[in-house]
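User: I would like a close look at one part of this model, with the cut-offs spelled out. Start with the overall surface, then go to the detail.

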Amino acid sequence: LKLFSAVFRSPTMANLKSPLPELEVVASLTRATAALAGLYRYVGVFYGRPVYHQLSPQQHSLWFSPTWARWVFTREPKTGSEDAAICIAAAAGGTQPAEVVEWRVQDQGQWVVERTVKASLSMPQVLLVFGVTILDGRYQYCGESAGRPAYERQVPPVDPAAAPQRPNPVALLFAADISQWVFALMDEHDPSVIFKIMVRGGDASANTPWTVANWKMRDVSGNSSVEVALTKLEIAQELPDQLQITGMPQTVLGDLTGDYFLRGSFASRPYYQHPSGAILWYSDDRRQWCITEPQYLGTADFVTARCRSSCWYPWDCVPTGWGATSDLTWEVAGEGGVVFLAAAEVGVALVTPTALAVESGGFPRRW
């Protein structure tokens, strides 16, 4: 059972339980690749790899060219036309665009290096699974399957003398061939191939694993045709209790710098609260991180500060060394909340990066 299908096909859009994963592309606004920046939505598979279309008037497409064996940006959402390429991966291969370290762009008929372009899937990097002993653990994002995130369970190093044979890795991913989320043992020689499905659940409408409620496992007592419901299986995000905002200029709500504390989850993402009462949350409608008064949670019409990025966590919305862009720059509302002014000095950082939110009993907080 392969993770990727070999032909192009569009996803089912009916009855979605959660948004399809989106790819965020960042590029310097001072370069020729500025128009590539923005959100890209998964639209299907082409020669075994996902295809993304830009959600903006530019309407670029990002796909893998089997002819060039490289990832390609084209000027229009038309898969399979290398003639329209304006940006290509510097190196061949890669199962996902987020793996591309260096891109090349057209400049006077030559392909030249462009290091400011970066693509990343807007999904949590770490999930915690608990409730079923054989599956419990910390799962790290490791790639994509049918445009959805795939995770691999992290295991401590094993002494080769004590265990000379490495066990098959356990992965949480969407198996396109059966249109279900699965916990599976992966082939030890080819981690892109499922060796054995252990647990399965959901259907084509479940685009994130934490929305699946009907996990099932084969009855191991002898009747292999019977499946048992796993009602105690839970999937949670690994969330820090506290973060800190620095460099925020004075706002209409006063000083919003300082510590923010985890208060819950909204639209599958965490939201945090400042001692003043202001909250930091993600608006799925506006596709941006917002700071508002608490009564406006879910309403992005009265925003005090914003960052127009779909990074899964607010601490990822920080310009990095490969080129700052407006998508990753915070803005603060002026008087009346109509005009927003850039606040490039704003930074969002974790106070205790390794601390997890927990409930009594030591279990991860569940959202």
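Analyst: The model is predicted, so local features are given only at pLDDT of at least 70 and side-chain atom pairs only at pLDDT 80 or more, while totals for chains, interfaces and linings use all residues. Residues are numbered from 1 along each chain as its sequence is written, and side-chain values use heavy atoms, with hydrogens and water left out.

The protein chain exposes about 17,200 Å², and carbon and sulfur atoms supply 52% of that area. Accessible areas come from the Shrake-Rupley method with a 1.4 Å probe, and for residues only the protein chains shown count as cover. Of the 367 residues in the protein chain, 48% are buried; buried means under 20% relative accessible area, exposed over 50%, and partly exposed in between (1.4 Å probe, protein chains only). The protein chain has 27 strands and 0 helices, both being DSSP runs numbered from the N terminus (helices H or I, at least four residues; strands E, at least two).

Now the network. A salt bridge is a side-chain nitrogen of Lys or Arg within 4 Å of a carboxyl oxygen of Asp or Glu, and a search of the whole structure finds 5 of them. One of these joins Glu331 to Arg306, with 2.8 Å between the closest N and O atoms. This pair links distant parts of the chain, since Glu331 is in strand β25 and Arg306 in strand β24 (residues 305–307), 25 residues apart. Both ends are buried: Glu331 has a relative accessible area of 12% and Arg306 one of 17%.

Glu331 also forms a salt bridge with Arg308, the closest N and O atoms being 3.3 Å apart. Arg308 is partly exposed, at 39% relative accessible area. Through shared partners, the salt bridges join Arg306, Arg308 and Glu331 into one network.

Elsewhere, Arg49 lies over the face of Phe64, 3.8 Å from the ring centre.

Val338, Val339 and Leu341 form a nonpolar patch with about 320 Å² of accessible area together. Patches are made of residues with over 30% relative accessible area and no salt bridge, like charges being joined within 9 Å and nonpolar side chains (Val, Leu, Ile, Met, Phe, Trp, Tyr) within 5 Å. Val339 is in the loop between β25 (330–333) and β26 (340–343).

For comparison, here is another salt bridge. Arg138 pairs with Glu238, with 2.9 Å between the closest N and O atoms. Arg138 lies in strand β11 (residues 137–145) and Glu238 in the loop between β18 (234–237) and β19 (242–246), so the pair ties together parts 100 residues apart in sequence. Arg138 is partly exposed, with a relative accessible area of 34%.

Definitions and conventions. A charge sits over a ring if NZ of Lys or CZ of Arg is within 6 Å of the ring centre and within 35 degrees of the ring normal.
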